Structure formats: C-alpha cells, structure tokens
Amino acid sequence: MSQRTIREVRAYTVRGKGADYHDQEGAHWIDDHIATPMAVYPEYRQSRRSFGLDVLGTLVVEVEADDGTVGFAVTTAGEIGAWIVEKHLARFLEGRAVTDLERIWDQMYRSTLFYGRRGVVLNVISGVDLALYDLLGRLRQEPVYALLGGPVRDELQFYATGARPDRAKELGFLGGKMPLHHAPGEGVEGFRKNLDALADMRGRVGEDFWLMLDCWMSLDVDYATRFVHAAAEHGLKWLEEALIPDDYWGYAQLKRQAPPGVLISTGEHEATRWGFRQLLETGVDIIQPDVNWCGGITELIKISALADAHGALVVPHGSSVYSYHFVVTRTNSPFAEFLMMHETAEEVVPMFSPLLLGEPVPVDGRLRVPETPGFGVELNPEVPRERPYTH
Ligand SMILES: C[C@H](O)[C@H](O)[C@@H](O)C(O)C(=O)O
Ligand SMILES: [Mg+2]
C-alpha cells in the first residue's frame with residue numbers, strides 16, 4: 001500500500017436503534033423497570049427513556065482516503081458528536097497519513113481536554129479511531145484483528161445479556177446476565193424481589209450455567225455488599241456496575257467485602273487508560289470497557305495491557321464487531337458479551353440492527369470473526385441519515 005492520506009472526514013446522525021441501542025420504540029426488555037441511579041426519583045423508575053437515556057442517538061463517522069476508499073464506524077453520540085467531529089476533530093485527520101493513528105488519537109484527546117476527558121467526547125474520539133481502523137483494514141485488505149496482531153483463538157464464545165438467561169442457555173450461550181430491576185429506594189421489598197428473580201432464574205437454568213446481574217450504577221456500598229452475599233447463595237458469577245462510575249473508593253470497599261467466588265465487574269462507563277488505572281487499583285476482577293466509548297481501539301490496547309498487568313480480565317461491553325475484532329486477539333479477554341436486542345430477548349438479532357449490513361451474530365453461542373477487510377460491515381443504505389454540520 002503506497003502512503004495514503006486522509007482526504008475528508010464526515011459525520012452523520014441516525015435515529016432509532018443502531019449504535020444507540022437504548023433508542024428503542026415501544027415495549028422492550030431493556031427499558032422495563034431497570035434499576036438506575038435515577039431511581040432515587042420514583043417518577044423515573046419505570047423507564048430509562050423517561051430520563052433521557054435515548055437522547056443522543058447514533059453517530060456515523062466516515063473517513064475518506066485520497067484514493068476514494070471510505071472507512072466508517074458508528075457509536076453513541078448523535079448530533080452533539082457530529083458537531084465535535086466536523087467543527088473540532090476533522091482538522092487533526094485531513095491531510096494526514098492514514099497510518100497516523102497514535103498521533104491523531106493523542107491530538108484529539110489533548111485538544112479536547114478542556115471540555116472532554118470522558119463521556120460524549122470520548123465516544124466521539126472512539127468513533128473516529130474505529131473509522132480509521134476500518135479504513136486501514138480496507139486499504140490493506142485485512143480484517144482489523146490482523147492489524148492488532150492476529151487471533152489467539154479460532155472463535156469467540158459469548159455470554160448473553162437480556163431478560164431471559166433461560167433462553168440464552170437454550171441458544172448455546174455460556175451464561176446469561178440479567179438487569180437488576182429494583183434500586184435501594186424500593187426498600188426491603190425491592191431487595192427481596194431482586195433476590196427472588198435470581199433464585200427463580202437459577203431454578204430455570206440449573207446449577208452450572210453462569211448467571212450474572214447488571215446493576216447499571218444503581219446501588220450503594222451497603223446495599224451491594226448485603227446483596228452480593230445473599231446472591232452468592234444462588235451461585236451468582238458476578239455483580240456488575242454496582243456503583244456510580246466515579247465512586248472508585250466504593251468499588252475498593254465492595255471488592256474487599258464481597259464473598260470469595262463472586263466476581264466484581266465494572267467499567268462500561270469508564271474511559272481512557274487513566275480512568276481504568278484508577279478502577280484497576282480498586283482490585284475489581286473484570287473490567288468492561290466499551291470500545292465505542294472508552295477511546296476506541298488505540299486506547300483499548302493500552303487499557304487491556306494495564307488490566308493484564310493487574311491480573312484483571314477484560315470483557316468489553318457490547319459494541320458488536322468493534323469488540324469482536326479486539327477480543328479475538330487477546331488472551332486476557334477469554335469470552336465476549338452479546339447484547340440481546342430482540343424485544344423480549346428470546347432470539348438472536350444483530351446488536352446494531354438495522355444500521356449495519358453483514359453484522360455477524362453468534363450461533364450456538366460462538367462466532368468465527370469474518371476475514372472481511374476492516375470491521376467487515378457496511379452501512380445499510382436504507383437507514384436514513386443526516387449530515388447536520390459540515391466544515
Ligand atoms: C442491560 C443494561 O441495563 C444496559 O442496558 C446494558 O447496556 C449493559 O449495562 C450491559 O452490560 O450490557
Ligand atoms: Mg452493564
């Protein structure tokens with residue numbers, strides 16, 4: 001490949017499903033009275049959309065090389081993300097070599113420190129970084145996993161996240177992770193209902209199937225400690241994201257107080273090597289960076305190495321093909337998450353459906369990552385998109 005440069009960067013928005021998988025319409029298990037940090041306010045307990053979980057929508061970043069080859073990626077950042085790409089970040093890419101991944105990442109990060117560091121800005125940086133990897137793969141005619149050192153295993157194995165771990169077992173997954181439904185504000189009755197739901201599912205799936213609970217930042221240390229001890233009796237494999245992401249001290253305390261045998265996991269709302277350094281120092285067992293949000297693959301490489309040195313597993317949150325190409329290259333990521341986006345979590349559907357064409361899904365809980373160049377997916381031309389800003 002002769003030295004290619006980047007000709008143009010473009011940002012588009014898409015509404016409904018796609019990379020913002022919380023942007024669903026109608027009844028869906030992912031918005032059915034799930035415990036959240038907003039559950040301290042009773043009026044926001046039933047629906048996460050009621051407090052705006054779906055406000056961002058999907059961002060599509062396209063990066064075009066000087067020979068017309070286009071790489072792209074999708075993430076959760078919507079119109080605000082499109083503005084950041086077009087009005088701020090494009091300057092660090094256009095005219096640069098397509099191989100300048102480290103310098104471009106570093107300039108995007110340093111130049112946004114005064115309003116960035118985490119959250120939506122890191123979602124956007126991730127989207128740009130992933131689009132660059134996609135472009136590089138397409139230009140070299142190689143899958144992204146080959147750019148990352150090649151696979152360490154022939155296929156991925158998945159656990160499923162959704163309301164129906166019993167169905168996940170029938171579909172061949174390693175385990176099932178359910179949302180916790182009741183937050184501390186729902187009192188003793190809520191605590192009991194949370195435990196009953198776990199006990200009931202344990203009864204349905206039998207003794208050996210992995211069962212995990214996702215608390216989506218809703219608990220406090222006292223509740224989480226009491227709950228994880230009670231849940232250990234029902235063979236809980238891990239308790240996920242029990243506390244708000246900023247409470248590193250709480251995670252350290254929870255890890256110290258948790259019973260041996262139940263793992264403590266977190267990190268889907270954490271970003272960058274510095275955020276994960278703080279998290280790893282708490283002693284948590286599994287970190288769950290989302291490659292669409294934590295800084296992209298350029299940053300996930302660093303986060304993963306840091307986790308390996310701390311003896312922690314890296315099991316990335318969701319993010320479909322963007323995770324699969326990474327997970328298959330790392331021994332400290334022995335399995336992956338599959339988020340069940342089917343309304344009742346009874347069937348396997350592509351996570352970002354209908355936005356991507358060629359998005360692979362696990363069969364019998366397993367997947368051989370396709371060898372197609374880049375991330376191996378295309379944008380579905382039938383999904384309407386808009387370019388709200390230009391530069
Ligand atoms: C099911 C959870 O509440 C979230 O919607 C999901 O994104 C998540 O936290 C996960 O781990 O998949
Ligand atoms: Mg989670």
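The C-alpha centres of domain 1 and domain 2 lie 21 Å apart. Domain 1 covers residues 6-141 and domain 2 covers residues 147-372 of the protein chain, with bounds that come from an automatic or database domain assignment. The structure is a predicted model, in which local features need pLDDT of at least 70, side-chain atom pairs count only at pLDDT 80 or more, and totals for chains, interfaces and linings use all residues. Residues are numbered from 1 along each chain as its sequence is written, while chains are lettered from A and ligands numbered from 1 in the order in which they are written.

The contact between the domains takes 33 residues from domain 1 and 37 residues from domain 2. Two residues are in contact if their C-beta atoms, placed from the backbone, lie within 7 Å. On the side of domain 1 that touches domain 2, β3 (70-76), α2 (101-111) and α3 each supply at least two residues. Helix α3 gives the most to this side, with nine residues. Helices (H or I, at least four residues) and strands (E, at least two) are DSSP runs, numbered from the N terminus.

## The core

The largest nonpolar core has 114 residues, and Val61, Val85 and Leu239 are those with the most contacts inside it. Helix α3 (residues 119-140) gives the most to this core, with eleven residues. At least three residues of the core come from each of domain 1 and domain 2. A nonpolar core is a set of buried Ala, Val, Leu, Ile, Met, Phe, Trp, Tyr and Cys residues joined through C-beta atoms within 7 Å. A residue is buried if 20 or more other C-beta atoms lie within 10 Å of its own, exposed if 12 or fewer, and partly exposed in between. In soluble globular proteins, nonpolar side chains tend to be buried together.

Leaving aside neighbours within four places in sequence, Val85 is in contact with Val9, Ala11, Val61, Ala90, Val124 and Val128. Val128 is found in helix α3. Val128 counts as buried because 27 other C-beta atoms lie within 10 Å. Not counting residues up to four places away in sequence, Val128 touches Val61, Val85, Leu89 and Met108. The C-alpha atoms of Val128 and Trp105 are separated by 8.7 Å, although the two residues are 23 residues apart along the chain.

Ile264 is found in strand β8 (residues 263-266). Ile264 is also buried, with 24 other C-beta atoms within 10 Å. Among the residues that Ile264 touches, not counting those up to four places away in sequence, are Trp238, Leu239, Leu254 and Val284. Ile264 and Leu239 are 25 residues apart in sequence and 5.3 Å apart in space, C-alpha to C-alpha.

## Helix packing

Two helix pairs are described in the table. Axes are lines fitted to C-alpha atoms, for helices over the stretch in contact, and angles run from 0 to 180 degrees between N-to-C directions.

| Helix pair | Angle | Axis separation |
|---|---|---|
| α1 (residues 78-87) and α3 | about 60° | 10 Å |
| α7 and α8 (residues 248-257) | about 25° | 10 Å |

The angle of the second pair makes α7 roughly parallel to α8. Angles under 35 degrees count as roughly parallel, over 145 as roughly antiparallel, 65 to 115 as roughly perpendicular and the rest as oblique. The crossing of α7 and α8 is right-handed, and α1 also passes α3 in a right-handed crossing. A crossing is right-handed if the near helix is turned clockwise from the far one by less than a right angle, and left-handed if anticlockwise. The contact of α1 with α3 is made by Ile80, Gly81, Ile84 and Val85 of α1 and by residues of α3 including Val124 and Val128. In the other pair, Val221, Ala224 and Thr225 in α7 meet Gly250, Gln253, Leu254 and Gln257 in α8.

Most residues other than glycine have a negative phi, and most peptide bonds are trans. A cis peptide bond joins Ser353 and Pro354, with omega about 5°. Pro354 has its place in the loop between β11 (336-339) and β12 (356-357).

Phi of Trp216 is near 40°, a positive value in a residue other than glycine. Trp216 is found in the loop between β6 (210-214) and α7 (221-232), and Trp216 counts as buried because it has 21 C-beta neighbours inside 10 Å. Thr272 has a phi near 65°, likewise a positive value in a residue other than glycine. Thr272 belongs to helix α9 (residues 272-280) and counts as buried, with 20 C-beta neighbours inside 10 Å.
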